[in-house]
Amino acid sequence: MDFSSKILENAVNEVSRLPGIGKRTALRLVLHLLKQPKENTAYLSEALLHLRNDVKNCQKCFNISDTDICDICNNVKRNPEIVCVVEDIRDVMAIESTSQFNGLYHVLGGKISPIEGIGPQNLQIDSLIKKIANNEIKELIFALSSTMEGDTTNFYIFKQIEKYNITTSTIARGIAVGDELEYADEVTLGRSIVNRIPFEQSISR
Ligand SMILES: [Zn+2]
């Protein structure tokens with residue numbers, strides 16, 4: 001692309017670094033901003049800086065939060081002894097939208113993926129084992145997507161916690177294999193949490 005303005009080119013280059021945004025889309029977005037009132041761009045950049053500088057991870061469940069302990073972990077009406085293991089905040093949002101789960105979450109921050117160089121040490125797995133060793137959890141629900149990485153991660157955690165006396169279950173697979181949780185409709189996902197099955201059963205297929 002030949003730009004008549006270095007400033008424009010720079011903005012397009014920055015926007016096009018975002019996933020799924022090519023140079024053409026970036027140019028369209030940037031030109032859109034130029035047509036909008038200046039304060040819109042100011043709000044956008046402030047929101048992004050605020051996000052990057054001030055957002056935290058809950059110290060208990062590691063979900064994205066504005067406070068040290070998130071609203072879910074802080075809610076005394078929820079059962080802290082049932083913990084649902086998920087990959088990231090999108091899964092928390094999907095499960096919360098079903099209103100079928102009253103326990104807490106543990107957000108791993110990803111899945112084990114040797115290809116992408118993500119090992120157990122890069123995820124919040126040790127912190128989960130620690131909670132279990134401290135007797136804080138009675139039931140652990142695996143709710144990772146059933147991709148190869150999801151299955152590997154579930155199995156790795158399962159092996160680490162076998163020696164502890166806790167119930168492990170996995171969400172029932174009304175959700176098709178390989179589907180990401182965030183795309184499951186609320187009714188299907190809600191039902192799969194209510195009808196969860198013992199984890200052992202899911203790996204003896
Ligand atoms: Zn939390």
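Mentor: Domain bounds come from an automatic or database domain assignment, and here they divide the chain into domain 1 (6-54) and domain 2 (57-203), whose C-alpha centres lie 34 Å apart. Residues are numbered from 1 along each chain as its sequence is written. The model is predicted, so that local features need pLDDT of at least 70 and side-chain atom pairs count only at pLDDT 80 or more, whereas totals for chains, interfaces and linings use all residues.

Trainee: Why is α1 called oblique to α2?

Mentor: The axes of helix α1 (residues 6-15) and helix α2 (residues 23-35), helices being DSSP runs of H or I with at least four residues, come within 8 Å and cross at roughly 120 degrees. That angle makes α1 oblique to α2, since under 35 degrees counts as roughly parallel, over 145 as roughly antiparallel, 65 to 115 as roughly perpendicular and the rest as oblique.

Trainee: Which residues make the contact between these helices?

Mentor: With contact defined as C-beta atoms, placed from the backbone, within 7 Å, L8, A11, V12 and V15 of α1 meet K23, A26, L27, L29 and V30 of α2. These residues divide into eight nonpolar, no polar and one charged, where Ala, Val and Leu count as nonpolar and Lys as charged.

Trainee: What makes β4 and β7 edge strands?

Mentor: Five strands (DSSP runs of E, at least two residues) form an open, mixed sheet in the order β4-β3-β5-β6-β7. Pairing requires at least two bridges between strands, and β4 (103-107) and β7 (197-198) each have a single partner strand, so one side of each lacks a neighbour in the sheet.

Terms used
Axes are lines fitted to C-alpha atoms, for helices over the stretch in contact, and angles run from 0 to 180 degrees between N-to-C directions. Two residues are in contact if their C-beta atoms, placed from the backbone, lie within 7 Å.
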